[in-house]
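Here's a quick tour for anyone meeting this structure for the first time. Take a look at the sequence and the model, then read on.

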Amino acid sequence: MPSEYQGKVVLVTGGSYGIGRAAAIGFARRGAKVVIADIDVKRGEETLHRVKDAGGDAIFVKTDVSSEADVEALVNKAVWTYGKLDCAFNNAGIHKQFVSIVDFTAKDWDEMINVNLKSVWLCMKYEIRQMLKQGKGSIVNTSSAAGLVGAPSNPAYPASKHGVVGITKSTALEFARKGIRVNCVCPGPTRTGMNEELTATNPEIVKAMDQKVPMGRIGEPEEVAAAAIFLCSDEASYITGHALPVDGGIVAD
Ligand SMILES: NC(=O)c1ccc[n+]([C@@H]2O[C@H](COP(=O)([O-])OP(=O)(O)OC[C@H]3O[C@@H](n4cnc5c(N)ncnc54)[C@H](O)[C@@H]3O)[C@@H](O)[C@H]2O)c1
């Protein structure tokens, strides 16, 4: 079994399902101790069982990533349990289907910005405080192809995801000489909970998504997780401030 993460402690938000679940299992398979954080307890416990079944060591911490008190408690719990924090994959997020900018509500705007963008700031705030004490750390945030180019969506989703790219780059610069690397992944359409209902009930949408992607298919959560696992690892030791598309070629088009 590969052991590049042996002895390392990795925190994954949005770890109950989708890309986060694939990442939690992937980090554990490579030897990491994994702190799985999510608002969904049922699926979080399922992920925990899968990690343990694969021989991994992990805990689940119920967390609303848009709450500062929850995020501070999460990082404290990680350090209390495993003694340190080496890497973090700040990945939790929500999406709402297309709504025109003229119909979108302030309530939906606030919710999406809080869960997708404010959360990334809050997570990095407490993770970096801990990493500074250790003199080393690496962070990967989840943006989106819609964080690099415009996309038919609702106004808050691409705004939040462009924001994730911005905070990733500026935080990378702030801590570049302090041993902390910060990058983000920018997935294209990926087969996860976010679009499961839509794709399960509407094969035409799957066909349309597949056609939009230059590689001709939507991505699997493990393919996005693999990019995050690489960027977090020491193999990526000279990479910081990078926004990596994992999108079958969409943003190259
Ligand atoms: N699936 C795609 O097509 C796609 C494309 C681009 C970017 N992304 C991004 O990937 C990330 C992961 O999403 P996914 O595709 O795996 O979807 P998913 O719905 O399968 O997983 C998202 C997870 O985040 C959790 N979550 C939601 N709100 C939360 C909160 N307030 N606090 C804590 N956890 C919360 C959910 O419970 C869920 O487990 C998101 O940031 C999403 O925007 C996904």
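Helices (H or I, at least four residues) and strands (E, at least two) are DSSP runs, numbered from the N terminus. Threonine 190 sits in the loop between β6 (180-187) and α6 (193-201). Numbering starts from 1 along each chain as its sequence is written. Bear in mind that this is a predicted model: local features need pLDDT of at least 70, side-chain atom pairs count only at pLDDT 80 or more, and totals for chains, interfaces and linings use all residues.

Is threonine 190 buried or exposed? A residue is buried if 20 or more other C-beta atoms, placed from the backbone, lie within 10 Å of its own, exposed if 12 or fewer, and partly exposed in between. Threonine 190 has 24 of them within 10 Å, so it's buried. Its C-alpha atom is 8.7 Å from that of glycine 18, 172 residues away along the chain.

A residue is near it if its C-beta atom, placed from the backbone, lies within 6 Å. Of the 31 residues around the ligand, Gly14, Gly18, Gly93, Thr192 and Gly193 come nearest. The elements giving two or more residues to this shell are α1 (18-29) and α6.

Then there's helix α4:

| Feature of α4 | Value |
|---|---|
| Residues 106-134 | 29 residues |

After α4 comes glycine 135, with a positive phi near 80°.

How values were computed
The expected span of a helix is 1.5 Å times one less than its number of residues.
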